[in-house]
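Here is a quick walk through a protein model, meant for reading with the structure open beside you. Have a look at it first, then read on.

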Amino acid sequence: MKDTSTKEILNNVYDYDKRINRYIETLKKLNTKNSKKVIDYYELYLKNNGLAVATQIKWLGRTVVLCEWFKKDFDKCTRTDIEKVVDEKINKNNSITTDSKKQNKIALKKFFRYVKKCDDDTYPPEVSWIKTPRNDGRR
């Protein structure tokens with residue numbers, strides 16, 4: 001019997017490689033400065049920070065949609081631009097759950113932390129105002 005690692009088993013069950021490739025292909029087809037920035041985020045940040053593959057996929061998937069939401073280059077986005085997107089695409093979107101809204105906001109904050117080259121414990125002013133309260137009973 002062949003010895004199979006946990007990573008291989010999980011990849012076979014959840015198709016991690018296919019999911020990542022699908023997101024990257026979607027971004028390549030968009031072929032914009034923003035889509036290239038999201039690919040860099042995945043290649044240079046998510047893959048290299050010791051995150052589990054499932055976590056990498058979670059954050060990559062939530063940042064792919066940012067290319068559709070933002071018409072302006074990420075580097076040039078202001079707080080006002082981000083407020084508009086949060087309000088229109090996240091807060092007023094009744095087709096997603098409260099938890100999904102929260103996760104989208106967290107993904108947005110993490111991504112702009114990368115774009116604006118901030119330390120891991122700080123957020124740039126463009127997104128630091130976004131509130132993502134914990135629901136796990138902590139105070």
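## Inside the helical model

Let's start at Ile82: leaving out residues up to four places away in sequence, Ile82 touches Phe70, Cys77, Leu108, Phe112, Glu126, Val127, Trp129 and Ile130. Keep in mind that this is a predicted model.

Ile82 also turns up in the largest nonpolar core, which has 32 residues. Along with Leu60, Phe70, Phe74, Leu108, Phe111 and Phe112, Ile82 is one of those that touch the most other members. The elements giving two or more residues to this core are α2 (16–30), α3 (33–46), α4 (53–64), α5 (66–69), α6 (79–91) and α7.

Stepping back, the protein has 7 helices and 0 strands. Of its 139 residues, 35% count as buried. Look at contacts between residues at least 6 apart in sequence, and 61% of them join residues at least 24 apart. The accessible surface comes to about 9200 Å², with 47% of that belonging to carbon and sulfur atoms.

**Helix α4 and Leu60**

Now for α4, a helix of 12 residues that reaches 16 Å from its first C-alpha to its last, close to the 16 Å expected at 1.5 Å a residue. Its buried residues are Gln56, Ile57, Trp59, Leu60, Gly61, Thr63 and Val64, and they pack against α2, α3, α5 and α7.

Why does Leu60 count as buried? Because its relative accessible area is 0%, and the cut-off for buried is under 20%. Setting aside residues up to four places away in sequence, Leu60 touches Tyr23, Ile24, Leu27, Val38, Tyr42 and Leu46. Take Tyr23: Leu60 and Tyr23 are 37 residues apart in sequence, yet 7.5 Å apart in space, C-alpha to C-alpha.

**A lysine on the inside**

Lys109 sits in helix α7 (residues 98–115). This lysine is buried but has no salt bridge, and the nearest side chain of opposite charge, Glu126, is 12 Å away. What does Lys109 contact, beyond its neighbours within four places in sequence? The list is Tyr123, Val127, Ile130 and Thr132. Val127 and Ile130 are also among the residues that Ile82 touches.

**Salt bridges**

The structure holds 8 salt bridges. Here are three of them:

| Pair | N to O distance |
|---|---|
| Lys33 and Asp75 | 3.8 Å |
| Arg79 and Glu83 | 2.7 Å |
| Asp87 and Lys92 | 3.2 Å |

With Lys33 in helix α3 and Asp75 in the loop between α5 and α6, that pair ties together parts that are 42 residues apart in sequence. Lys33 is partly exposed at 46% relative accessible area, and Asp75 is partly exposed at 34%. Arg79 and Glu83 tell another story: both lie in helix α6, 4 residues apart, about one turn of the helix. Arg79 is partly exposed, at 40%, as is Glu83, at 30%. In the last pair, Asp87 is partly exposed at 31%, whereas Lys92 is exposed at 54%. There is also a network: salt bridges that share partners join Lys33, Lys37, Asp73 and Asp75.

**Two positive phi angles**

Asn31 isn't a glycine, but it has a positive phi of about 50°. Asn31 lies in the loop between α2 and α3. Lys117 has a positive phi too, near 60°, and is found in the segment after α7. Is Lys117 buried or exposed? Lys117 counts as exposed, because its relative accessibility is 69%.

Key. Residues are numbered from 1 along each chain as its sequence is written. This is a predicted model: local features need pLDDT of at least 70, side-chain atom pairs count only at pLDDT 80 or more; totals for chains, interfaces and linings use all residues. Side-chain values use heavy atoms; hydrogens and water are left out. Buried means under 20% relative accessible area, exposed over 50%, partly exposed in between (1.4 Å probe, protein chains only). Lys and Arg count as positive and Asp and Glu as negative; His and the chain ends are not counted. A salt bridge is a side-chain nitrogen of Lys or Arg within 4 Å of a carboxyl oxygen of Asp or Glu. Contact means heavy atoms within 4.5 Å. A nonpolar core is a set of buried Ala, Val, Leu, Ile, Met, Phe, Trp, Tyr and Cys residues joined through side-chain atoms within 4.5 Å. The expected span of a helix is 1.5 Å times one less than its number of residues. Accessible areas come from the Shrake-Rupley method with a 1.4 Å probe; for residues, only the protein chains shown count as cover.
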